[in-house]
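This report describes strand pairing in one model. The sequence and structure come first, followed by the pairings.

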Amino acid sequence: MIDRRYAVRAALLAGATLFAAPAFAESAPAAPPVPAQADQADRPSAEPDNDIVVVARRREERLLDVPIAVTALQASDIAKLQAIDLSGLQGAVPNVNLVQGRGSTTSANFFIRGVGQPDALQTFDPAVGVYVDGVYLSRIQGALLNLFDVQRVEVLRGPQGTLYGKNTIGGAVNIVSRKPDFNKVVGAAEVNYGAYNQVLLNGYVSAPIITDKLAISLAGTYDRRDGLVTDPLTGRRFNDRNLWAMRGIVHYKPLDGVEFILSGDYTRQRNALQLGYPTAPLLQTSLFPAGARTLVPAEPYGPYNFRASTGMRPGQGQALDHWGVNLTANIDITDRLQLTSITGYRKLDANFFIDIDASQFQLGDVFVGINQKQFSQEIQFKYTSEKLKALLGFYFLNEDVGSNQTAFGNDIFTFLGAPVTFTRPIADFQNTKSYAVFGQVTYDFTPKFSFTAGLRYTYEEKGYSRVTTTQSSFAGLNNLTFRFPDNLPAPFNTQNLATFDALTPTFTLSYKPDRDTLFYASVSRGFKSGGFNGRANSVNDLTLVVGGQPTIVNRFEPETVWTYETGAKAVLAGGLIRLSAAAFYSDYRNFQARVGGGTIGAANTGVFPVINAGRLRIWGIELEAVVKPSRYFTLTGSFGYLDARYLEFNDGRRVPPQPFSCNPTGQAITCRPAFAPPISGRLAGDYVVPLGSNALTFGLEGRFIDKHFLSVDNRPGLTEPGYALGNAYVQLDLAEKKYYFRAGVRNFTDVRYRTDGQEFSSVANIQTVYFGDPRTWTLTAGLRF
C-alpha cells in the first residue's frame, strides 16, 4: 500500500515542478536573529563551533567534510570584520579580491585566484558567480550587496563549473540570508554613527504565525554618509553613500519533509558621482593642425588626498533600483530522495553618470542607463544512502539587458584652435538564454575513502544589437552612425546571434582518517561564456591583426580553465585549533581582454578592441587557521600566495605593437595578469573579558595585499604598490548580550590604497584609479530580543 505521506508529497512535487523554484537546500538552521554587525563578542567557551554547515555542494554538509577550498564567514565573523557590504571582506579570504567596482557604489569587482572580470559593460559576463539564496545574479551592477541580514557568506575558490555552471570560472560567492524562527518572536536593532556623518541603521524581526509551520521575517538597512572626495574647484562632495534595502521571507512547512521559502528584496541607491583620480596626463588632440597638448597633468592635486574634480553638473549622480523574488521548495519524495526547486526573478534599473577622466573637462564623461531583468529556474533531485550521494539537476536562465548611453567629449578635440563638440549616443540590447543539465555522484568506498565525479553540459544563445551615432560640430565627425551588425561587410552583417556550449566535469578523491580530518585531491573545469564587443563604435573596433592581415572579429570566444587542487582540513586539540590548506595549479585559456588601444602621443584613436588574449598559468597556496590559546582568546589568520603569468598574449591591435602592448617585441611577454597580488594575508585577535553576565571584547586585525596591477596593459599609473591595513574595535555586551555598545576604527593608520582602475588610453590618454576609504570610525548601540 502506498504511504499516504508520499502521496501528499507527490502532489506537492507536481505543483512545485510547475511553479519551479531555486537550487540549493537553503533550509539551514536559523541564525541568531541579529544584524550582521551585532553578534560580536565570543561566548566564553573553550571550543569553537566545529560543525559549521554550508551548502557549497548544493546540500547541507559540515564545512570540514567539503573537499573544496571554501571559506565560510558567519554573521559574527562579518561583525568582527566591521563589514557593511561585500567589499568589507577584502583581504579576509586568501587569494580573493572583493572591492567596489569602478565608478559605482554598488558594482562589484570580484577576482578569485587571479580570475575575474572588472568591466561592468553588460556584454561582459562576470567570472565569479554571486548567488543569493540560490539565485544567480548575472550582472556585477548591484552585486556589491549589503550584509545586514546575512546568516553566512561562503566563498568558493576555484572553478565551480559542475554545480554552479557558467561564469564561475574563478569561483563563487554564495550568500545565505537569515531564515525566520518558527517558535518565538526574535529581533534586533542597531544604530551606528561614524566618520563623515555616516548613519547606519539595521533592523531585523522574525515571528511565528503558526508554531512549527509558518514564520515570517523582515530585515532592513539604511546607510548614509557624506562624500569622501572634495572638488577643490567647486567645493562639492563626492563618493558618498545613500542606500536603503529590505528583505522579507516567508517560511512554510505544511508537512514533515516539505518546506517552501518565499523571499523578496529591494535595494534603492541614490548618491553623487564616485570619482577616481587621473594618474597620467590628459591630452587634447588638434584635428588641424595635427598635434596634442596636455589639458591636465598626472595627479593634478599632488599625491592623492581625496581631492578630485569633475565636469559633471550638480544633479548628475547615480541611481539604482534592484529587486527580486524567489521561491525555494524542498520536498522529500521518499526518505532518501529529495526535490529542490528554485525559481528566481530579478529586475535591475541603473542610471549612472560616470566621470571616467576625473577632471573638470569633458573627456570621458558618460551616462549609462541599464534596464535588466532575468528569470531563472533550477530543479534538483538529490539522493542519499549509506554509501551514495547523487544529484541530478536542470537549469534555465533568460536575461534581457538593454542600455542607453551617452558619451560627452567636448574637450577631446580642437580644430584651428576652436573646441569641437562631441557627443555619442548609444542604444544596445542583449538577450541571453542559458540551458544546463548536470549531475554529481559521491560514493564512499569505505568509511574513510570516497570518490566524487560530476559533469555539466551548458548551452547558451546570445543575441546582440547596437546603434551609435557621432554628433559633432566638425563635419568630418558629424552623424557617423554605426549599427552592429548591419554596417559590417558581408558575411559579418548577419552575425548578431552566437551560441556557446561547454562540458565542465569535476573529479575528487577524499580521505578522512577520522571525523575531524580531511585530505582531498580534485580536478575541475570552468567555463565563462563568450560574447560581443559592447564598445564597438566602428569596424575598427572589431578589426584585429590575424596572421599579419586585418581581420574582422565580431565576437569573442569563451574562456576555459582546468584546475588541479589538493587540500587538507582538520580540527585539532579538542576543537581549539581549526586548520585548512590548499594548493592548486590552473591552466587558463582564451582569456578575454579589453585592451585600451592608445599610446601616449596618439591619445585619441578611440579604438576599443576585445580579444581572446591567450593563455595563463596560475598556481598558488592558501592557508587558514582559527586558534583558541585560552578560553577567552581567539586568533584567526589566513595567507595566500599566487603566481599568475601569461604563457601567451596575442595582442593583435597594432602592427608593429606599440609601447604598453603586453608583447612589445612580438615575442617576450612583459605583462602580469591584473588583480592578482602575489601575497595576501590577514591576522586577527579577539579577547573577551568576562564581567559576570556582561562581557568586554577587544579586537585587533591587520590585512596585507601585495603589489598588483589594475589594468591588462600594466600601465604604471594603474598599479597598486601593496598596502597593509589595521582595524580595531572594542565592544561591551550587557545583560547576557541583550544590549551592546561598540566603538570601531578601520584603516587606523590612514593608508592610501588603490582598489580599481579605468584604462581608456585611446581617449585623451585616460588612466584613472579609485581608492579605498581613509581612516573611519564608528560608534554603535544595539539590542537583541
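A hairpin of two residues joins β36 to β37. The model is predicted: local features need pLDDT of at least 70, side-chain atom pairs count only at pLDDT 80 or more, and totals for chains, interfaces and linings use all residues. Residues are numbered from 1 along each chain as its sequence is written, and side-chain values use heavy atoms, with hydrogens and water left out.

Strands are DSSP runs (E, at least two residues), numbered from the N terminus, and two of them pair if DSSP finds at least two bridges between them.

| Strands | Residues | Sense | Bridges |
|---|---|---|---|
| β36 and β37 | β37: 633-649 | antiparallel | 15 |
| β7 and β10 | 128-132 and 171-177 | parallel | five |

The pairing of β7 with β10 includes valine 130, whose bridge partner in β10 is valine 173. Both strands belong to an open sheet of five strands with mixed pairing, in the order β3-β9-β10-β7-β8. Its edge strands, β3 (70-74) and β8 (135-137), each pair on one side only. From one strand to the next the twist averages 20°, with axes taken as lines fitted to C-alpha atoms and angles running from 0 to 180 degrees between N-to-C directions.

Methods. Helices (H or I, at least four residues) and strands (E, at least two) are DSSP runs, numbered from the N terminus.
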